[in-house]
Amino acid sequence: MTRVTDLPEWQALAEHALTARSVHLRELFAADAERFARFSREVNGLLFDFSRQRVQERTLELLLALAHARGLRARIDAMFSGERINQTEQRAALHIALRNRADRPILVDGQDVMPQVRASLEQMRDFVDGVHAGRIRGHTGKTFTDVVNIGIGGSDLGIVMATEALAHLRHRDLRLHCVSNIDGVQLADTLEQVDPARTLFVVCSKTFGTLETLTNARLARQWVVDHLGEEAPARHFAAVSTNAQAMDAFLIPPQNRFAMWDWVGGRYSVWSAVGLSVALALGMDRFEQMLEGGYDMDEHFRTAPFERNLPVLMGLLGVWNRNFLGLDSLAILPYDQRLHRFPAYLQQLEMESNGKRVTLDGQAVDWDTCGVIWGEPGSNAQHSFFQLLHQGTARVALDFLAPVNASNPYQSQQNLALANCFAQAQAFAFGQTEDQVRQDLAAKGLPPSEIERLVPHKVHPGNRPSSLLLFRRLDPKTLGRLIALYEHKVFTQSVIWGINAFDQWGVELGKKLADSLAPAVQNPAEAKDVDAGLKGLFEYVARWRT
Ligand code: F6P
């Protein structure tokens, strides 16, 4: 495989960057009254405004040429046609099949996966409707008032993010709780709030072998047994997994089991039966609207020319910022509190997918891959870390997201959120020059000596690149489009960087070590053959354990 840095298209970008890097966004806007029209695209109700990215027409041309040279079109086709593009695990990556709303078959090894996908959706609908209608009840015959999703990573983050994002559409009589962490805090807090006779647990785990999930699930099961008896869990537990044997061992009855397939990556799985808790919280119709939104974006990604293709453009702009402007992190800034877990969701999606240091054929990369993804909703973020973004030495690329219409009764407040969002995008782009600061302070009547003392502190250099995703309102379809947009952006970047976006070996080592250390933490006397660092820690554990 050609190393991306050896491609003439990459080298042309590197050369272009030598001059482009010193051009300020102020100059780019001053030179082009059409800049917004030139550098924004509207697709499926999403406006992608990248006019505040530090790009010129030439930059875009070169980035698009790089995408073609890297064979992006063929890679997209390979993904959609079910090829085993996850080469290290020899698996297809077919989250797109989960939201395929057309009749088009999707083949893995010559077999159409769509009948299984449709059957799973039907099973979900029956189950969700049954719980909502009170046909499916607990062991004592009472209807369910609470659902507890037990899962972690991809078996948790999408569920939390989507149900928070669409909290205004939640079913009124069914509360959702999510338990993921190993430390027992969430589980204990949740069990305190719920009635065992009216609580349904959904154990979500692709592998059904994840320590956190199994530990929490076993404890929850015991809690149900303690309150309702040995027979009760059969009516209080459902599970989603690829691992039928482990579901057997957990005594999950057949009607409460939901399948997953190895061609769905954990972080891409909210579209599968992993979304059962989403559907329980919002209703199956809304869950399917989310799938429709995802499908819209899939069709766009699959068919639109690259110059109008949102995920491709977004991915390429990320490459430009990361590899040619040297920005090593991306802040996700939704101006809608409902999206407060969107940055966390994207952390797994982007960093677990593209946090890689070798190419598909196992060669070490000598170019940067995924940077650090982080973020918080505006306007809260403005009052915490924006200072650093405006005037600090770290350089960060920014994604703003905002709905025009509120999902709450206070539209005037969403208008203020939007005003803040636009204002920040402007401030990051244009900053505030020394002259502007001087004029400002002089207008306030400050003496010249005081003005000069303050000028350096008040200058905002600007030229901080950002994109803005603007949409009408946060509804299930829009959320589906947004998630799929970022998924395909990640895929686009993986193709440019020549890495596998669909494995995650980097999380295994820590898990293995934790397993081996667990007995010694339970009983520090068992800590034998450990190095000085661990020995010291175990001594403290022993001394401080009450
Ligand atoms: O530790 C990382 C990971 O493997 C993620 O990729 C995955 O989403 C998560 O753990 C949970 O895995 P599972 O769904 O198999 O419990």
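Me: How far does a polar side-chain atom of Gln348 lie from an oxygen atom of the ligand?
Reply: This is a predicted model, where local features need pLDDT of at least 70, side-chain atom pairs count only at pLDDT 80 or more, and totals for chains, interfaces and linings use all residues. Residues are numbered from 1 along each chain as its sequence is written, and side-chain values use heavy atoms, leaving out hydrogens and water. For Gln348, the gap from a polar side-chain atom to a ligand oxygen is 3.2 Å.

Me: How much of the ligand does the protein bury?
Reply: Taken alone, the ligand exposes 390 Å² (accessible areas come from the Shrake-Rupley method with a 1.4 Å probe). Of that area, the protein buries 88%.

Me: Which residue has a polar side-chain atom 2.7 Å from an oxygen atom of the ligand?
Reply: Lys511 also puts a polar side-chain atom by a ligand oxygen, but there the distance is 3.3 Å. The one at 2.7 Å is Ser155.

Me: How many disulfides does the structure hold?
Reply: A disulfide here is a pair of cysteine sulfur atoms within 2.5 Å. Take Cys178: the nearest cysteine sulfur belongs to Cys204 and is 9.1 Å away, so Cys178 is in no disulfide. For the whole structure, the count is 0.

Me: Is Cys421 buried or exposed?
Reply: Buried means under 20% relative accessible area, exposed over 50%, and partly exposed in between (1.4 Å probe, protein chains only). Cys178, at 18%, counts as buried. Cys421 has 0% relative accessibility, so Cys421 is buried.

How values were computed:
A polar contact is a pair of N or O atoms within 3.5 Å; within protein, one must be able to donate a hydrogen and the other to accept it, and residues adjacent in sequence count only if both atoms are side-chain atoms.
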